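Q: Please take a close look at one helix and at the sheets around it. Which residues are covered, and how are the strands arranged?

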Amino acid sequence: MTIAQTPQGFPLESILQKFLASRINISPEALCYIEDLKFNAQELEDLIRKISFSPIFNSHVTLEILLQEYGSKITPNIHPQDISGRSNHNISNETNLNSQTSNSKNSLNLIKKKSVLVPDRGKKNKKSIPIDDLNDIPEPPDSPEFPSISPNPPGQKVLKPLPNIDLGDDKVVSEQLPPESNLETPSSSKGRMDETEILRIREEKKKGYQRVQIRQSTSTFRPLASEYNAEVEIISDPTGKMFTDGKLDEFVGLQADKFHKLTKILKKRPEGHSLLDINMINRLENSVEVKFVGMVVEKRQTSKRNYLIEFEDLTGTCMTLVRQEPKELYDLMNYLLPDHVVIVDGYLSVNKKTNSRIIMINKIIFPDSPNTHPINYPQEDLSICFVSDLHFGSKYWLEKEWNRFVDYLNCNMGSDKQVKQAGKIKYLCIAGDIVDGIGIYPNQDKHLFIKDIYKQYEATAEYLSQIPDYIQIIASPGDHDAVRKAVPNPAISKEMAPAMYEMGISMVGCPTMVSLHGIKVQMFHGTSLIDMNMSIPGMSHEDPCKTMNEFIRARDLTPTYGKKTEIAPLLEDWMIMSTLPDILHTGHLHKNGVGTYHGITTINSGCFQGQTDFQKSLGIEPDFGKPTIINVNGKFTPQVIDLAADM
């Protein structure tokens, strides 16, 4: 393929490089569309910035998104179908690019979802038999007749079916989308959570806040927590154990390790017996019940609103189908994301006349957690305090709320009951974004009152030194801290924050699991919460615990590779929750939330940073000055302390 410079605007390769530099994936059709618009340098920069801030954006720019946002810019001689045909022709030959465009070539190949576990990734399985017509697929014995399905929804674009799959009149119309009736994407009025629901959630949370009395306490009692030594055990921490050369084998190895770990968890479930490898299923010649562990390669929806899902394991790939009944299984498809590892229980339908086969799914089992989670409560009547997103160094940092927090921890503020409550706090867990950082986003220096990263951590140590010394602080990094952007993250280094180490703060990586007086706390900053909210209908930043439940159900803190959350190519996947915590603690969203899932307490701990201009433009109202406290003696009862009630 030869890329020629257009009279105006950028060539295809340059446009692609601009998008990749901004960490944005783009489809071939969208790439060619932008080329035809002939943007100049400033217009292209404005376009990328607008896409990045657009609620439609979900880390992957498609032609549909561009037509919806910028359709008025289409010139009379440009037709979307022509763009689609041309891009398929041009970009399918991307392997012919010279060595100077190798980075572009690799990125374009990633646009099309490929198998990542099988060594001959993306190649056709020699044992697989293409489907000729779904109408010819035999029904399982003694099963009710498959229900009739509504016709093709109007206005939907019919896409090309998967390779070697003939669906007859049931065409593939979308990729990774829920059914139209449940469609909730940030780009539509249906997709955004109803304003009434948002207000309801906010009011419900406010009812649970405990307002601290803004008065100086005269109590002189000795805090209970000061009478006990800290008992901190690091159960899991990636710091010092992450080594990578960035080679292809490490990317594949990461997914393979994820598959192994989750398979091990799945096999411990009651349903985890009589499992077959996919290559064995592909060799079966007769229709039969089958069950296997598979990783989702791709999920598509057909014109008849069925789901066509490709799974893989370490031995091969197979195609499966989910119909609209049973409804419980069909609705579950909203929560099944690419790279999820699950048990598939289904019926292999083989039609020897048409030489076709497909697995009709009856049940999908996630790794999940037991319905009841046992907790070994300590005898000591102590508490843990959870905060995140302090953002020391930012102009938006809330000094008044922080000073109130310090007064509260020092038992110098609140009613007698609140002072007694504060005196039980033995541990303070900080889930990332301790400082605001440097160069995290363009022109960040305009929003900083401390513009030196070392001085930001010096100030952090000074602020944290005001906390009583009997409270043990456990600090984990976030995406604003001075660690690499890709997860997992190592602990903030001693060279970067020596004063914090000298104070005896437990500096850990992200994610990490610590035992505090026997209570297992999983700390994770939560960068992938946004990916999950963008991928699953009904999820919202307003209710972070609902999203955190999906982490536990998948037993994976970053379920899908290739979204906005960058994942380092390591031979071990540190994001898998091999051990279930008693408490899952996240941040990142600047929203407060507490909940439980199968006996596991979930906490998203708000922030100590006011509303930024960017948050205001998106209508995000941060929950600041609201630390969460849990007493570890007996049944957990999360208590949110409101330090900004009079603001």
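A: A residue counts as exposed when its relative accessible area is over 50%, and as buried when that area is under 20%. The model is a predicted one. By that cut-off, T196, L199 and K207 of helix α7 are exposed. The buried residues of α7 are I198, I201, R202 and K205. Viewed down the helix axis, these buried residues fall within an arc of 95°, so they line one face of α7. The exposed T196, L199 and K207 are on the other side.

β4 belongs to an open sheet of seven strands with mixed pairing, in the order β4-β21-β20-β11-β12-β13-β14. Its edges are β4 and β14 (506-507); each has a single partner strand, so one side of each is left without a neighbour in the sheet. Within β21, I641 is the bridge partner of Q210.

Further along this sheet is β11, residues 383-387, and five of its five residues are buried. In a regular strand, side chains alternate between the two faces of the sheet. In β11, S383, C385 and V387 are on one side, I384 and F386 are on the other, and all are buried, so that both faces are covered. On one flank, β11 pairs with β20 (residues 628-631) in the antiparallel sense over four bridges, and C385 stands opposite I629 of β20. β11 is also joined to β12 (residues 425-431), by five bridges and in the parallel sense. There, F386 has C429 of β12 as its bridge partner.

β18 belongs to the other sheet, which is open, has six strands in the order β5-β15-β16-β17-β19-β18 and also shows mixed pairing. β5 and β18 are its edge strands, each pairing on one side only. Neighbouring strands in this sheet are turned by 20° against each other on average, with direction ignored.

β5 (residues 232-236) runs antiparallel to β15 and is joined to it by four bridges. β15 also pairs with β16 (residues 519-523), antiparallel and over five bridges. S515 takes part in both pairings: it is the bridge partner of E233, and it is paired with K520 in β16. The hairpin of β15 and β16 has two residues between the strands, and in it H517 takes a positive phi near 55°.

Elsewhere in this sheet, β17 (residues 583-586) and β19 (residues 600-605) run parallel and are joined by four bridges. L584 has T602 of β19 as its bridge partner.

Notes: Residues numbered from 1 in each chain as written. Predicted model: local features only at pLDDT ≥ 70, side-chain atom pairs only at ≥ 80, totals over all residues. Heavy atoms only, no water. Buried < 20%, exposed > 50% of the residue type's maximum accessible area, 1.4 Å probe, protein only. Pairing = 2+ DSSP bridges. Arc of directions from axis to C-beta. Axes fitted to C-alpha atoms, helices over the stretch in contact; angles between N-to-C directions.
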